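Here is a short report on a protein chain and its ligand. Keep the model open as you read.

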Amino acid sequence: MAADKPVWKDLEGYHEYDAPEMTRRSAEYLAQMKLRRSVREYDDRPVPEDVIRNCLETAITAPSGANLQPWHFTVITDAAKKHQIRTEAEVEEREFYSGKAPQEWLDALSPLGTDENKSFLEHATLIAIFAQRHGELPDGRRVKHYYVPESVGIATGFLISALHNVGLVTLTHTPSPMNFLNQICERPDSEKPYLLLVCGYPAADCKVPAFGGTRIGLDEKVTWIK
Ligand code: IYR
């Protein structure tokens with residue numbers, strides 16, 4: 001038998017559920033996640049900071065290329081900064097909706113009824129998520145990162161799920177380009193803005209696009225090879 005791998009340790013905290021319990025838990029999680037919607041109407045109530053912290057702690061448990069954790073999160077609650085982000089985002093969006101986006105893209109978006117008005121950016125908590133192309137050792141040397149978009153995407157998914165779990169709503173927002181986030185959040189050029197995650201409480205009379213809640217069935221999206 002091969003010797004123990006010297007840098008490996010026991011798997012801690014693992015719990016196996018019996019099949020009925022697995023079914024129950026999977027159905028419960030499914031029912032919860034089916035209620036997740038992308039929300040564009042927020043009220044101004046601040047979200048408890050410890051909740052955001054816990055959700056971010058959840059996000060950073062995500063697997064990443066060589067466990068190099070190539071992400072950075074900037075949480076923005078400051079009104080002036082949010083105003084600045086809205087202003088910059090709306091500049092990009094105005095261009096997008098008035099000529100930059102091909103008609104096919106605009107047609108795909110039309111059931112969502114989105115436009116260049118991004119007022120939600122001033123009424124929610126904003127989490128700017130950056131992808132780090134490389135890391136830096138204490139002595140300044142560069143460390144190459146691997147599978148960066150994949151890793152940051154998985155962490156973002158964990159974050160969205162964690163926020164939903166506590167009854168907060170979110171929107172993945174991607175004005176393009178969004179390099180203005182580097183300057184506003186004071187992040188280095190080596191970090192690429194990945195996504196602006198909008199989160200908070202839904203406005204009292206919050207509406208969501210009906211189309212957004214429709215899901216293409218599993219039979220069309222899954223193949224089983226048995
Ligand atoms: N960034 C624009 C356009 C947009 C693009 C996609 I793809 C969406 O799923 C939704 C919107 C906007 O936020 O309006």
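## Ligand shell

A residue is near a molecule or strand if one of its heavy atoms lies within 4 Å of it. By that rule, the ligand is surrounded by E93, F96, Y97, W105, L109, T114, D115, K118, H173 and T174. The shell divides into four nonpolar, three polar and three charged residues. Here Ala, Val, Leu, Ile, Met, Phe, Trp, Tyr, Cys and Pro count as nonpolar, Asp, Glu, Lys and Arg as charged, and the others, Gly among them, as polar.

The model is predicted: local features need pLDDT of at least 70, side-chain atom pairs count only at pLDDT 80 or more, and totals for chains, interfaces and linings use all residues. Residues are numbered from 1 along each chain as its sequence is written, and side-chain values use heavy atoms, with hydrogens and water left out.

## Polar contacts and burial

A polar contact is a pair of N or O atoms within 3.5 Å; within protein, one must be able to donate a hydrogen and the other to accept it, and residues adjacent in sequence count only if both atoms are side-chain atoms. Which distance separates a ligand oxygen from an N or O atom in the side chain of Y97? It is 2.4 Å. For the side chain of K118, the distance from a ligand oxygen to an N or O atom is 2.5 Å. For the side chain of H173, it is 3.4 Å.

Taken alone, the ligand exposes 370 Å², and the protein buries 70% of that. Accessible areas come from the Shrake-Rupley method with a 1.4 Å probe; for residues, only the protein chains shown count as cover.

## The pocket

The ligand sits in the largest pocket, meaning that more than half of its atoms lie within 2 Å of the pocket's grid points. A pocket is found on a 1 Å grid over the protein atoms alone: it is an open set of points where a 1.4 Å probe fits, with protein on both sides within 12 Å along at least five of seven lines, and lining residues have an atom within 4 Å of a point.

The lining has 23 residues, and E93, T172, H173, T174 and P175 lie nearest the centre. By class, the lining holds eleven nonpolar, seven polar and five charged residues. Helix 3 supplies the largest share, four residues. Helix 3, helix 4, strand 5 (169-173) and strand 6 (191-200) each supply at least two.

## Fold and backbone

The protein chain has seven helices and six strands. These are DSSP runs, numbered from the N terminus: helices are H or I with at least four residues, strands E with at least two.

Most residues other than glycine have a negative phi, and most peptide bonds are trans. A cis peptide bond joins S176 and P177, with omega about -5 degrees. P177 lies in the loop between strand 5 and helix 6 (180-185). Y147 is not a glycine, yet has a positive phi of about 50 degrees. Y147 is in the loop between strand 4 (142-144) and helix 5 (148-165).
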